[in-house]
Amino acid sequence: MRPEAPEEIASRLTGGCVLVSGTNGKTTTSNLLAGMLRASGLQPVHNKVGANLMTGITASLAQASDRRGKPRGDIGLFEVDEATLPAAIKRLTPRMVILTNLFRDQLDRYGELESLSRKIDAGLKGLSGGSCILLNADDPLVASLGGESTARKYFYGIESEDIGEIGLRHAADSKNCRSCGEKLSFSAHFFGHMGKYSCPNCGLERPAVDFAATRVELKGTAGSRLDISTPLWNLALNLGLPGLYNVQNLLAAVGGAELLGLDDHNIEAGVEGYSTAFGRGERIPIAGRTLFLVLSKNPTGFNEVIRTLGTEGRDLPIVAALNDRIADGRDVSWIWDVDFEELAPLARFIIASGTRAPDMALRMKYAGLDAARLTVEGNLKKALDKAIERSHEGETIYALTTYTATLDMRRLLTKIGVAAGYWEAN
Amino acid sequence: MPGMQLRICHLYPELMNIYGDRGNVITMVKRCIWRDIAVTVTDITLGEAIDPADFDFFFIGGGQDREQILVCDDLSGDKGQAVRQAVEDGVSLLAICGGYQLLGKYFLTYTGEDLPGISLFDVKTVGGDTRFIGNIAVDCEVDGIRAQLVGFENHSGRTRLGPEARPLGRVIKGYGNNGEDGTEGCVYKSAVGSYLHGSLLPKNPRLADWFILRSLRRKYELEELPGLDDALENAARDAALQFTMKEKRFRKRFGR
């Protein structure tokens, strides 16, 4: 394939390109937005699960075009790895960039958060004046991006303060003001470093929000009921995805849809018809039990999952699988930043699995899980078998898995015939 | 061990905690609780003064450049002096990565930021254009106890030991202080600086117990600590050592 091919194909997409980037929520946000685009009659060209480096995007563009390079689709919708974003902006000249959040994830690959955000800023500077940037206002680091870009900036965020907590958790990454370095003060804190913040020193404020969740009613793993207010509409939506982080993902998708000119019916239909993105909270029936499979790949994501499990009661059967392949990040230190102290009392047992099962088990021990409730089983199939054996008919088994462990689990479930391949689901 | 107490000072927990460094404090706390040693953790951050007599163990983790600049400024003057005084008095201390760099003579970052340290360790650090990233194994000998430490390193700083400095150990696999002279970390009295995240202490419980013993001996008559069941700790360390060494063999064979 010629190196200029992706630019050429992308330039022939009549609806242009949209890039979705950030640490967490890329897949869910793009899938939600894709559903809305389809509901409006458009055919998005979409990259495959996790194939979010330049090579993956190039491959999906090539696959979605005929031999003369004419695309079989109207609009490009690509989830892009944070570190790849500057290159993707340069090559695809997107009409819109959506940035979900920036967390410490795979820092062994990216270096520090600060230098990553500088690179993203440099990338955003290259956007043309007619394009726009949609930013998460709740993330102080993301909200500060794009200052030097001529593209128009829009913000989304959670306005309902009653669901916030007071004080920041230690997994919070960006707690100091980006312009003066002073510690930010939070009037509401959602999770990670997300919240309503201001700087007591230089007066920096969370930007005014264009797409706002004005009311959020969380319903555990069943999802949430939301009121969303946008410049054009007031929407009442039922989201079948758990946690506040998915509320933000939906806000990003709603904002993206409205800025692309979709109407409220398309948005509602897209949310209604949404089927779970791979590993983002799937329920799979297995041996008379339900396996609840949740991708848990970094401290903030994991803490949100634990918070959601807290609404599911006590005595939960849990499999926690930690892999350290390149896509997971080779460094597993981050498990010490997860509040497993809050998971331990919820668990009837935890089976630690994955390539770094002993590390996960050790973390659980120091989180207060006694030896009787803790099992180390590196082999994922055996871990699942043990979880089935030790749980009751009709019960839900919670599988919290890092990125490649989720892939392994999905593959395993497909092999034993209880789940369709994730590539079919997408 | 009723009647005994260990007072931990966690320096800048919200700024200097990258790559799960707080696991070291969790480990110290748990290993005290399991032995019925009363333990307190006091978080000390920007603008808060320290009395060296208030603590038996100090911990400072790693941070990003931006946070390091804030902490460097805060440690200059009385506060850094108090930490030095505590270590001179025999208080134990563990500093990881960015924290280790700031307790040396200086850290000159790659972008040209000059961060003077508190000169607790006789080491100097200069930022490089590449990061040393990967699993690391170290042969270490402290107080006649030989142990292999295992962890994960991720740093751009190259640290050179001064004539007075004693390294924590020799690198078996990985980069350590500077990727050249084979040394890793630094030991001064009961203070240890190291590049190992991981977290370091959970998988290296003998080092954790060394800190606890050194801290308690200052206050109480004590020969040894009661043993704990470290089967899980040792299994996790052995597994990590095993694949770290495998990476080394792979690298040697394929030149990567």
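**View 1. Overall build of chain B.** Chain B of the predicted model holds seven helices and twelve strands. Its radius of gyration is 17 Å, close to the 18 Å that the globule rule gives for 256 residues, so chain B is as compact as a globular protein of that length. Along the principal axes, the C-alpha atoms of chain B fill a box of roughly 55 × 45 × 30 Å. Of the 256 residues in this chain, 51% count as buried, and 72% of the contacts in chain B with a separation of 6 or more are accounted for by residues 24 or more positions apart.

**View 2. The side of chain B that touches chain A.** Contacts between the chains involve 29 residues of chain B and 22 residues of chain A. On the chain B side, the elements that give two or more residues are helix H1 (23-33), helix H2 (65-75), strand E7 (123-142), strand E8 (145-161), helix H5 (200-203) and helix H7 (231-254). H7(B) gives the most to this side, with five residues. By residue type, the side of chain B that touches chain A divides into eleven nonpolar, ten polar and eight charged residues.

View 3. Most residues other than glycine have a negative phi, and most peptide bonds are trans. A cis peptide bond, with omega about -5°, joins B:Gly198 and B:Ser199, and B:Ser199 is found in the loop between strand E12 (191-194) and H5 of chain B. B:Tyr19, a residue other than glycine, has a positive phi near 55° and lies in the loop between E1 and H1 of chain B. With 27 C-beta neighbours inside 10 Å, B:Tyr19 counts as buried, because the cut-off for a buried residue is 20 or more. B:Lys189 is not a glycine either, yet has a positive phi of about 50°, and this residue is found in the loop between E11 and E12 of chain B. B:Lys189 has 14 C-beta neighbours inside 10 Å and counts as partly exposed.

View 4. Chain A is divided into domain 1 (5-272) and domain 2 (280-425), whose centres, taken over C-alpha atoms, are separated by 27 Å. Six of the six residues of strand E3 (residues 75-80) of chain A are buried, so E3(A) is largely enclosed by the rest of the structure. In a regular strand the side chains alternate between the two faces of the sheet. Both faces of E3(A) are covered, with A:Ile75, A:Leu77 and A:Glu79 buried on one side and A:Gly76, A:Phe78 and A:Val80 buried on the other. Strand E1 (residues 17-21) of chain A runs parallel to E3(A) and is joined to it by five bridges, with A:Leu19 standing opposite A:Phe78. Strand E2 (residues 44-46) of chain A also pairs with E3(A) in the parallel sense, over three bridges, and here A:Val45 stands opposite A:Gly76.

**View 5. Helix H10 of chain A and its surroundings.** Ten of the eleven residues of helix H10 (residues 299-309) of chain A are buried, so H10(A) is largely enclosed by the rest of the structure. Among the buried residues of H10(A) are A:Pro299, A:Phe302, A:Glu304, A:Arg307 and A:Leu309. The elements against which the buried residues of H10(A) pack are strand E7 (185-191), helix H8 (244-259), strand E13 (289-295), strand E14 (316-321), helix H11 (340-343) and strand E17 (396-401) of chain A.

How values were computed: Residues numbered from 1 in each chain as written. Chains lettered and ligands numbered in written order. Predicted model: local features only at pLDDT ≥ 70, side-chain atom pairs only at ≥ 80, totals over all residues. Helix = DSSP H or I, 4+ residues; strand = E, 2+ residues; numbered from the N terminus. Rg over C-alpha atoms; globule rule 2.2 N^0.38 Å. Buried ≥ 20, exposed ≤ 12 C-beta atoms within 10 Å, placed from the backbone. Contact = placed C-beta atoms within 7 Å. Nonpolar A, V, L, I, M, F, W, Y, C, P; charged D, E, K, R; others polar. Domains from an automatic or database assignment. Pairing = 2+ DSSP bridges.
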